[in-house]
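Work through the exercises below with the model open beside you. Try each task before you read its solution.

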Amino acid sequence: MSADINKLEQIASQVRRDIVRMVHACQSGHPGGSLGCTDYFVALYFYAMKHDPSFNMDGVGEDLFFLSNGHISPVFYSTLAHAGYFPPSELSTFRKIDSRIQGHPTTHEGLPGIRIASGSLGQGLSVAIGAAQAKKLNKDNSLVYVLMGDGELQEGQVWEAAMYAPHNKMDNIIAAVDYNGAQIDGSTEQVLSLGNLRAKWEAFGWDVLEIERGNDMASVIQGLDEAKSRAGKGRPVMILLHTEMGNGVDFMMGSHKWHGIAPNDEQLAAALAQNAETLGDY
């Protein structure tokens, strides 16, 4: 299947509009990482993954996706809505009491597309490996995807899972790290340096590839194609996805400040002016 880059970029523009509007409306949330991962989410759900928006929690015969760094829920919710899992109008309830669209994804509200609660960092890789192992036991040849933040790799459970997957030849999992170099307190280098991240994952036995331009749709598509071509060959696949926090909104780009604060009215207007309304605002 070939990718329609222009169509994917149009979807990404609308998703970025949704993100800033959602966070602005409730004056709470995490716009920076959401904006930085928009191209990856759109490429995943509108190109790379085999999935069914009618949604069955078991996901038999489907590719599965798990979001580990759950604070970037705005990009996840917007992508799911535009992919047909639930009406985009529901995005207007983000972080409201009794809404299914909570600040961190949860499962007890029954929101289609959400398979794990992911407020606590460091756990998504373990869950994804469990799902991948279940698929192997069930002779289901579909893939399992998981996204983590780079700051999240400071959690110990990640590295337990990192050892387990290659040891058990979990070659049906494609993990990715949002490698933006920023976390809530500053740069990852300042807070707790990750060192040579590629060398670390390779030392644990993963097949590692890098998407150097994680905010360029064509590059993301090429990287996902490459990752899929490496699956099924005896090793789990790791994508180091180089993104920019706040990408698509000039005053948010490259600053950890926008990890978890909301734009004011003037900032919202500026952000929307930089991202065209392509699918209609909710």
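The exercises cover helix packing and then aromatic pairs.

This is a predicted model, where local features need pLDDT of at least 70, side-chain atom pairs count only at pLDDT 80 or more, and totals for chains, interfaces and linings use all residues. Residues are numbered from 1 along each chain as its sequence is written, and side-chain values use heavy atoms, with hydrogens and water left out.

**Exercise 1. Describe how H1 packs on H9.**

Step 1. Locate the helices, which are DSSP runs (H or I, at least four residues) numbered from the N terminus. H1 spans residues 5–26 and H9 spans residues 217–230.

Step 2. Take the geometry. The axes are 10 Å apart, at an angle of about 110°. Axes here are lines fitted to C-alpha atoms over the stretch in contact, and angles run from 0 to 180 degrees between N-to-C directions.

Step 3. Name the arrangement. H1 is therefore roughly perpendicular to H9. The classes are: under 35 degrees roughly parallel, over 145 roughly antiparallel, 65 to 115 roughly perpendicular, and the rest oblique.

Step 4. List the contact (heavy atoms within 4.5 Å). H1 supplies Ile5, Leu8, Glu9 and Ala12, and H9 supplies Met217, Ala218 and Ile221. By class, the contact of H1 with H9 has six nonpolar, no polar and one charged residues. Ala, Val, Leu, Ile, Met, Phe, Trp, Tyr, Cys and Pro count as nonpolar, Asp, Glu, Lys and Arg as charged, and the others, Gly among them, as polar.

**Exercise 2. Describe how H3 packs on H4.**

Step 1. The axes of H3 and H4 come within 10 Å and cross at roughly 30°. That makes H3 roughly parallel to H4.

Step 2. The crossing of H3 with H4 is right-handed.

Step 3. From H3, the contact uses Thr38, Phe41, Tyr45 and Phe46; from H4, it uses Val75, Phe76, Thr79, Leu80 and His82. These divide into six nonpolar, three polar and no charged residues.

**Exercise 3. What is the geometry of the Phe41 and Phe76 ring pair, and are these residues buried or exposed?**

Step 1. Set the rule. Rings of Phe, Tyr and Trp (its six-membered ring) pair if their centres lie within 6.5 Å; planes under 30 degrees apart are stacked, over 60 edge-to-face, and the rest tilted. The count comes to 13 aromatic pairs.

Step 2. The ring centres of Phe41 and Phe76 are 5.8 Å apart and the planes are at 50°, so the pair is tilted.

Step 3. Phe41 lies in H3 (residues 38–48) and Phe76 in H4 (residues 73–82), so the pair ties together parts 35 residues apart in sequence.

Step 4. Phe41 and Phe76 are buried (under 20% relative accessible area; exposed is over 50%, partly exposed in between, with a 1.4 Å probe and protein chains only).

**Exercise 4. Classify the Trp159 and Trp201 pair.**

Step 1. The ring centres of Trp159 and Trp201 are 4.8 Å apart and their planes are at 35°, so this pair is tilted.

Step 2. Trp159 sits in H6 (residues 156–167) and Trp201 in H8 (residues 197–203), 42 residues apart.

Step 3. Trp159 is buried, with a relative accessible area of 17%. Trp201 is buried at 0%.

**Exercise 5. Which residues do ring pairs link into a cluster?**

Solution. The cluster holds Tyr40, Phe41, Tyr45, Phe55, Phe65, Phe76 and Tyr85.

Technical notes. Helices (H or I, at least four residues) and strands (E, at least two) are DSSP runs, numbered from the N terminus. A crossing is left-handed if the near helix is turned anticlockwise from the far one by less than a right angle, and right-handed if clockwise.
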